[in-house]
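Have the sequence and the 3D view open as you read.

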Amino acid sequence: MARVLISGLFALLAMTATGFAQNEQFFPALVYRSGAYAPNGIPFANGFADYFNLVNQRDGGINGVKITTEECETGYATDRGVECYERLKGKGPTGAAMFVPLSTGITYALMEKAPGDKIPLLTSGYGRSESADGNVIPWSFPILGTYWDAGDIQIEYIAKELGGWDKLKGKKIADVYHDSPYGKEPIPVLQALAKQHGFEVELLPVTHPGVEQKATWLQIRQSKPDFVLLWGWGVMNSTALKEAAAVAYPREKMLGVWWAGAEADTVPAEDAAKGYKALALNPSGSNFPVHADVFKYLYDKNMGAADRKDVGNVLYNRGMINAMFAVEAVRTAQDKFGKKPLTGEQGRWGLENLDLTGDKLGKLGFAGLIKPLKVTCANHTGIATARVFQWDGKGWNFISDWIDSDQKLVRPMIEAEAKKYAGDKNLPTDSCKVS
Amino acid sequence: MIYREAGQFRTSYAADQALFPIRQDRLAVWAIIIFAFLVVPFLASEYLLRAILIPFVILAIAAIGLNILVGYCGQISLGSAAFMAVGAYASYDIAIHFPGLNLIVVFVLGGVCAAAAGILFGLPSLRIKGYYLAVATLAAQFFFDWLFIRIPWFTNYASSGSVSAPPLRMFGLRFDTPEARYLFCLSLLAIIALAAKNLVRGRIGRMWMATRDMDIAAEIIGIRPLRAKLSAFAVSSFVIGVSGALWAFVHLGSWEPLAFSIDRSFELLFMVVIGGLGSILGCFLGAAFITILPIFLNQLPGVLGIPLSTAMISHLEFMSFGALIVFFLIVEPQGLARLWSIFREKLRLWPFPH
């Protein structure tokens, strides 16, 4: 009798325990708040955390489903990232709805694991370029653009600044890049463009973590390229700016990628950063409608993750945008699967059918932060567009309109590379037709 | 009382030369092996297997390899991660170019390539010793880093320089589940540990140890330093190469040269030093210390329910990990394995010490 009672009690306890957790959607957060990449990892992580918190505080969750999240420190190291992934993937009532690795190395490693676990990866603006092709790689979503798009947009901007594609002929463009998959990804696109338009690409790799660049910049002083593309991350970016100043290379001729254009890169370089240009996936600034809510619901109540003055940094905003994609993907999927916590597989459906119209962005308070976009099964980037902004010593100012990447060039390359990937891994190349 | 060898008589040479002459040891080792093979896969969660046990097992293999070189032959090496990388990339290239080949053959061939690299970079050991040799092996680290980043052939012309392993298939089986992967790595670890233990007890091991203790004396009694040192480099690099291939194929699945950076070399050296130089048991203890302890420290505040920020937890992890290393090295400079053997000696007399 006693045994029956006790087991009944345990069953009740178990029920209430799951009852508490039943209506929660879990989002894991792989962050790096320590190490050489922390200056860039911290604002992103703060924006990411704040937006989830905001949705909970302001709306009471996604359609009433509370968001829970847990951070795991990766230090930008692949093996720790894999450990974090294994640690967090099963948390919450339905497991992780998606992962946001914010590291190319970790993304590559997780791409081997996530499909098996049926968890999608949201790799907005980074990751494996061929994952834009959802036919072959259904589980990765480089929404907003891939590295190849970024490389193409950089050259497009330079052509515009020179006054036409024909002016590129005979020019020399140096590519100072982080010597890792991240920095190497765009090289095929740059080389294809160089061939097409008759300019020369000088490849200058910088080894991790990028604090030693003296030789690179002496080489630049010698070869005098017309432009320098900067593909750095973390301390490498501010070091590059300081070294450029040391060899008196004009900062106006330097064009960073969207991972080399944030306050964390320019502020430490102080005056050396003045005039530096970079691609922008999103603007900096805290005067967008969503920030008003962030201040009202979080920072006025002392619940913000960052310092108040850091709200609105480029990377803070990008973290918020990533969290917004995650939330909206789950919201989209809830329309199909019901207003309850969703699994990774359902989260993937949500990402695949993510349709952020101008109206929707306006309602969310993100108007002006990004352009409207629509993800499809075959096209995982949605849009691939960026603006160029310039650092004036205090802030970033836009100096160009949106520049779309040339899909006529990039898309066939992506599809060819995806095919090769499918061949290596023995994957189907038409997963969109099946589902 | 419980750990006493009284009454255990060795009546044959074979019994006298057994790996574990004391019956209690033998039973304990069998119990651990049976537990690791038959119980752990059923009990352990996927997280425990994938994120903790598999890396631990693979790095224990690497630590055995390095211990052969550093602990038994006395040649300091800072290039172990480079030999892991050679094993990983060689296996990758072999697997890509000969798709039908059995993966065990692939891993062995990867190990052979690493052994060749080890012999090549072991050559300076014939002329230089100690710190100077450490610096010379450091060259291996930088050379192979450079090689795998710069020569696209090794990465099968992958545009990003990151390669991903082909699926793990052997004997018509797919090694996809964490249990299967764990058992595969564990079997290799068991085989390698057994082989290493027997190797260091035999003629070759004695040759290495003589060279380690005093190379001139070893030469005088007829040990050729060339054979002793280079064979240690070869065997050590072979084992490290196999572990590198496992690290790449089984644990990471997709990797770049950064996975085998100099940090990994230091990590392996710390494992061997903290675990115990010249002890196979020490390799296991050291690998556990270096791989599992940081993750444990990182999760401790969460488990205890102490609310700390992620950054604070990771800083605390670094600090307490460093403090523990210093603590163990002060308590027992000869490593955890020595601590264990002191404990064993005490246990033998317990409860009646002299």
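## Ground rules

Helices (H or I, at least four residues) and strands (E, at least two) are DSSP runs, numbered from the N terminus. This is a predicted model, in which local features need pLDDT of at least 70 and side-chain atom pairs count only at pLDDT 80 or more, while totals for chains, interfaces and linings use all residues. Residues are numbered from 1 along each chain as its sequence is written, with chains lettered from A and ligands numbered from 1 in the order in which they are written.

## Where the chains meet

Let's start at the interface: 28 residues of chain A are in contact with 24 residues of chain B, contact being C-beta atoms, placed from the backbone, within 7 Å of each other. On the chain A side, the elements giving two or more residues are β2 (66-73), α3 (78-88), α4 (104-117), α6 (181-184) and α7 (187-197). Of these, α4(A) supplies the largest share, seven residues.

Strand β1 (residues 24-31) of chain A runs parallel to β2(A), and eight bridges join the two; strands pair if DSSP finds at least two bridges between them. One place to look is A:Glu24, which sits opposite A:Lys66 in β2(A).

Most residues other than glycine have a negative phi, and most peptide bonds are trans. A:Tyr76, in the loop between β2 and α3 of chain A, has a positive phi of about 70 degrees. A:Tyr76 counts as buried because it has 29 C-beta neighbours inside 10 Å. The cut-offs are 20 or more other C-beta atoms within 10 Å for buried, 12 or fewer for exposed, and partly exposed in between, with C-beta atoms placed from the backbone.

B:Asn156 also has a positive phi, near 55 degrees, and lies in the loop between α6 (130-150) and β1 (163-164) of chain B. With 15 C-beta neighbours inside 10 Å, B:Asn156 is partly exposed.

Now for the cis bonds: A:His208 to A:Pro209 is one, with omega near 0 degrees, and A:Pro209 lies in the loop between β6 (200-206) and α8 (214-223) of chain A. B:Trp350 to B:Pro351 is cis too, with B:Pro351 in the segment after α14 (336-349) of chain B.

Definitions and conventions. Contact = placed C-beta atoms within 7 Å.
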